[in-house]
Amino acid sequence: MRDDAGAADPLITGAEIARIAGVTRAAVSNWRRRHKDFPAPAGGSSGTPLFSLSDVRAWLANQQKSHDVSDEVRLWQALRASFGDDMISGLSSVTAFLLAGDPSGLDAAATALVASSAQNATPTDVVDGLVERFQDSARRSGSDQVSSARITRAVAHFAGPLGVGATVFDPACGIGVLLRAVGNGGGTLIRGQEIDPAAARFAGLRAELDGRADAAIQAGDSLRADAWPSLRADLVVCEPPAADPDWGREELLLDARWELGTPSKAEGELAWLQHCYAHTAPGGRAVIAVPASVAYRKAGRRIRAELVRRGILTQVVALPGGVASSHSVPVLLWILRRPKPDDAAPSQVRMIDLTGNGPDGPLEPTADQVADVPLIDLLDETVDLTPGRHIQRSARDFRAEYWSLREEIEQQVHALGALLPTLREGTGEDSLDTATVSLAELSRAGLVETGADGPSSRSPQLDTDYLRGFLQSVSNLRRSTSTSGTHRVDARASRIPQMAVADQRRYGAVFRSLQEFEERVASLAELGKKAATLARNGLTNGALVPPADDSGE
């Protein structure tokens, strides 16, 4: 796409639109849904559409979205000032005001801002925008107080659609993010429990705002004081709290929920997993997000074996690094199914390894990311349920790929030595204290043209590499840096020394060599990162092993 001046019109993502407008990504999604005149995607994919920058700017100007921006930002700042770290209570107060006009907990300024925001957006959109800001602040502070948007997306994807009348349950629901993602339609019945009373209250209020008057969220410790002992749900979703040795083991040693075995103090996630399974109806499923280490820790081996042996575990999905809020360690989704009495016994577990994808990449696996592993192959001494360990090795020859990368790295390293020029110390005879000419003067004289790759010479009296090399001098870079710190080539300020063309070519050859040196260094860095990742994955999934001696073979 090109604008009227002939220059390419940049394409931007929804996240970039949010930054330009000063709103959240949820607000941009709402605009796309609610406004038929919102610019249509001009590129990208259905999962990551791209939009014309000029079209977006024109639409924002026409809609006067700057007013929305200031309201949302000012409201967030007002809530931060009033509630500090207890933003969940602030969100509850806003939601209660939007539901029933109850200003309790809000000062006059915040109340006015909520009312103003609701004039330009639906109450649901107002709260959605604040929740996304809350999730983003939790991510930046390294908190797992709420499920990240990426984990929520993955859980919803693998949970799949639900039928009318299905019951959805989350025993550690937080502010209700997972419940809302999987049960916000289709006539589902929503149930949840949360240990933090403020979060439980907000989850209930938000469900009411969504028109889910039948939703019920209880406050309390799910493991120690189960508020739903008789509930059997068609779908249970859960991202258990971070590992806590004080999950209640001593008080719950004989609890009937531990039908697969009593978890150790270090295996709190397996306590939550069995709690979820206890609330799963026959034929129902549970989708639980756990740290990758739960799949292989020695203390949980017996419980993992029972999950496999009884045909309860149907899938394990390794999500990409970066999907969690506070760390880059891969997260696993364990998908359980409570068999019906007449169900045939399963013979395999589907392993899906998405760790090679980006955190916002596709969730539908390719053929080489899936393996249906026979139960007997999982029931070894370790019962390691890490998907990467079981994906068919034939789909990838780790050793051949690793040695190919090693050979390429060695070639690149050898080439680098030849590219880095041998330079001598300058003397008075080599002084650059000489007359200079500006790039603007060269352009006016028709000696320089500017293309996509930068300025180029149009004359045999000017060497292109010489020109580009001196444009990157410290003095020219300083002239070409704006007061905001952004770099731009300033044709009015950049200056080039006047030098005989033969000398220009000597300098140009060196500049050209340095440019190739830098490009090879960047390529080598990418190769090194790829080789290290491949080696680490191969070592941890058993495809590669350390050398048997000092030969390195």
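This is a predicted model: local features need pLDDT of at least 70, side-chain atom pairs count only at pLDDT 80 or more; totals for chains, interfaces and linings use all residues.
1. Residues are numbered from 1 along each chain as its sequence is written, and side-chain values use heavy atoms, with hydrogens and water left out.

2. Start with the open sheet, whose three strands follow the order 1-3-2 with antiparallel pairing. Strand 1 (11-12) and strand 2 (43-44) are at the edges with a single partner strand each, so one side of each has no neighbour in the sheet. (Strands are DSSP runs of E, at least two residues, and helices are runs of H or I, at least four, numbered from the N terminus; two strands pair if DSSP finds at least two bridges between them.)

3. Two bridges join strand 1 to strand 3 (residues 49-52) in the antiparallel sense. Look for Ile12, whose bridge partner in strand 3 is Phe51.

4. Now find the largest pocket, with about 1,600 Å³ of space. (On a 1 Å grid over the protein atoms alone, a pocket is an open set of points where a 1.4 Å probe fits, with protein on both sides within 12 Å along at least five of seven lines; lining residues have an atom within 4 Å of a point. The volume is the space filled by probe spheres set on the points, which are joined across faces, edges and corners.)

5. Of the 40 lining residues, Arg25, Ala26, Ser29, Glu132 and Ala149 lie nearest the centre of the largest pocket. Helix 2 gives the largest share of the lining, seven residues.
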